[in-house]
Amino acid sequence: IDSSAVVAGMVAAANQPVKTYTIGYEGDQSVYDERADASKIARHLGTDHHEIVIKPDIEDVIPRLVRAFDQPFADSSAVANYYVFKETSKHVKVVLSGLGGDELFGGYERHLAIRRHAGLAWLPRWMSAGVLPWLTGLLPEPRSGARQIDRVKRFARGMAAPAPAAYEAYMTAFDAETRGELLNEGMRSEVAAADSEFHYARLFEAFDCEDPVGTATCVDVLSYLPGDLLTLTDRMSMQHSIEARAPLIDHDFVELALSIPGALRIRGSEKKRILRQVVRDRIPPEILDRPKRGFTIPVTNWFRDELQGYLRSVLATERVAKTGLFNTGVVERLIQEHVDRRHNHHARLWALVTFMVWNDEYKVV
C-alpha cells in the first residue's frame with residue numbers, strides 16, 4: 001500500500017512512464033512473493049515494471065552486507081534491498097520508497113497486538129503468564145514458512161508483561177531469558193540481559209499517549225525507523241550508488257500523521273485505515289485490501305532447506321566456541337528446533353550468522 005501510494009503520486013506528476021521494481025523468489029515461496037500483486041498495480045498505473053527473482057544462494061552476498069554496514073546488522077530484509085538496488089542501479093540513479101507508511105499509520109501486526117494487549121489486561125495472571133504461553137508454544141510451525149504462528153507465540157509471551165515489555169517481546173529477536181541462556185558466563189557479567197526492556201520502557205514513558213497504537217507508532221518513528229529501516233535503506237542503496245528517498249517521512253507529513261488519533265489509524269482489525277481511505281480511488285480494491293506481506297526474504301524456509309548446510313557451517317560448535325561469547329549448546333538447540341519446525345528461530349539464527357560473518361571479516365574476538 002505504501003509503495004503503491006507513492007507510485008500513484010509519481011504517475012500523476014510524471015510526463016513519462018514511471019519505472020517500478022519488485023522482488024520475487026525462486027520456488028514455492030508464495031507467502032513472501034509479491035510479484036503477482038505488484039504486476040497488477042503496475043498494469044493499473046501504467047508503469048514500466050521490472051521483476052527481480054532471488055535464489056537461495058546468498059552465501060556470497062552476506063559478507064557484502066556485513067561490509068556495507070560495518071557492524072552486525074540483523075535484519076534479513078537487507079538481502080531483498082541489496083538485490084533491488086543492484087537491479088535499479090542499471091536503469092536509474094534516484095528511487096522513491098514507501099518507507100514510513102507502516103510506522104506512521106499503524107501498519108504492523110504488533111500495532112494490533114499492543115491494542116489487544118491493553119484490552120486483555122483483565123485476564124488473571126495464571127492464564128496470561130502460564131496457560132496461554134504454554135498452549136501457544138505447542139503450536140506447530142507451518143510448512144509454508146509463514147510467520148503468523150511465531151507472532152502468536154510472541155504475543156502470548158508478552159501477555160502478562162507491562163506494555164513496554166510486551167512491545168519489546170514483539171520487536172526483538174531474543175527475549176531477556178533467551179539472551180541470558182545464549183551468552184556464556186563471562187559475557188553475562190558484561191552485558192545486562194534486560195537492556196532492551198529498559199530501552200522500550202524509556203521510550204514508552206516519553207510517548208505515553210492515551211491510545212496504545214499512538215504510543216507504539218511514536219516509539220517506532222524514533223527507534224525502528226531510523227535504527228533499522230532507514231539505516232538499512234541508506235547502506236544498501238549507497239552500496240550501489242543509488243539515491244533512495246522516502247517521501248512519506250517528509251517532516252511536515254510525519255507531524256501531520258502523528259497528530260491523527262490511533263483509533264483512526266486502526267479500526268477493528270483494519271490496519272492503516274486512514275491511509276487506505278486516502279488512496280482508495282487510485283489503487284484497486286484487491287490490492288488495497290490484501291493482507292500485508294512485508295519486504296522480506298524466505299529465510300525461515302531457506303535455513304531449513306537450501307541454506308541449512310551453510311547455517312550449520314557458520315554456526316558450527318567449534319567456530320562459535322572460539323568467540324568465547326556464546327553457549328554453544330543453546331546455539332545448537334536453536335538450530336535444531338528451527339530445522340525440526342518446533343519453533344521459528346529465523347531472526348535469532350540470522351542475527352547469529354551475521355555476527356559470526358562480521359567477526360570473521362573484522363577479527364573482533
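Student: Is Asp60 buried or exposed?
Tutor: Asp60 is exposed, with a relative accessible area of 56%. Exposed means over 50%, buried under 20%, and partly exposed in between, using a 1.4 Å probe and protein chains only. This is a predicted model, where local features need pLDDT of at least 70, side-chain atom pairs count only at pLDDT 80 or more, and totals for chains, interfaces and linings use all residues. Residues are numbered from 1 along each chain as its sequence is written, and side-chain values use heavy atoms, leaving out hydrogens and water.

Student: Where is the place of Asp60?
Tutor: Asp60 sits in the loop between strand E2 (48–54) and helix H3 (61–69). Helices (H or I, at least four residues) and strands (E, at least two) are DSSP runs, numbered from the N terminus.

Student: Which residues gather in the patch of negative charge?
Tutor: Glu26, Asp57, Asp60, Asp305 and Glu306 do, on the surface. Patch residues have over 30% relative accessible area and no salt bridge; like charges are joined within 9 Å, nonpolar side chains (Val, Leu, Ile, Met, Phe, Trp, Tyr) within 5 Å. A salt bridge puts a side-chain nitrogen of Lys or Arg within 4 Å of a carboxyl oxygen of Asp or Glu.

Student: What makes the nonpolar surface patch?
Tutor: Trp126, Val131, Trp134, Leu135 and Leu138 make it, about 560 Å². Leu135 belongs to helix H7 (residues 125–137). Leu135 is partly exposed, at a relative accessible area of 40%.

Student: New topic. How many aromatic pairs does the structure hold?
Tutor: There are 13 aromatic pairs. Rings of Phe, Tyr and Trp (its six-membered ring) pair if their centres lie within 6.5 Å; planes under 30 degrees apart are stacked, over 60 edge-to-face, the rest tilted.
One of the pairs is Phe326 with Phe355, edge-to-face, at 5.4 Å centre to centre and 85° between the planes.

Student: What does that pair tie together?
Tutor: Phe326 lies in the loop between helix H21 (317–323) and helix H22 (328–339), and Phe355 in helix H23 (residues 346–362), so the pair ties together parts 29 residues apart in sequence. Phe326 is buried at 13% relative accessible area, and Phe355 is buried at 15%.

Student: Which aromatic pair do Phe355 and Trp358 form?
Tutor: A tilted one, with 5.5 Å centre to centre and 50° between the planes. Both lie in helix H23, three residues apart, about one turn of the helix.

Student: Which residues do ring pairs link into a cluster?
Tutor: Phe155, Tyr167, Tyr170, Tyr200 and Phe204.

How values were computed:
Areas by Shrake-Rupley, 256 points an atom, 1.4 Å probe, with all protein chains shown as cover. Lys, Arg positive; Asp, Glu negative; His and termini not counted. Charge placed at Lys NZ, Arg CZ, Asp CG, Glu CD.
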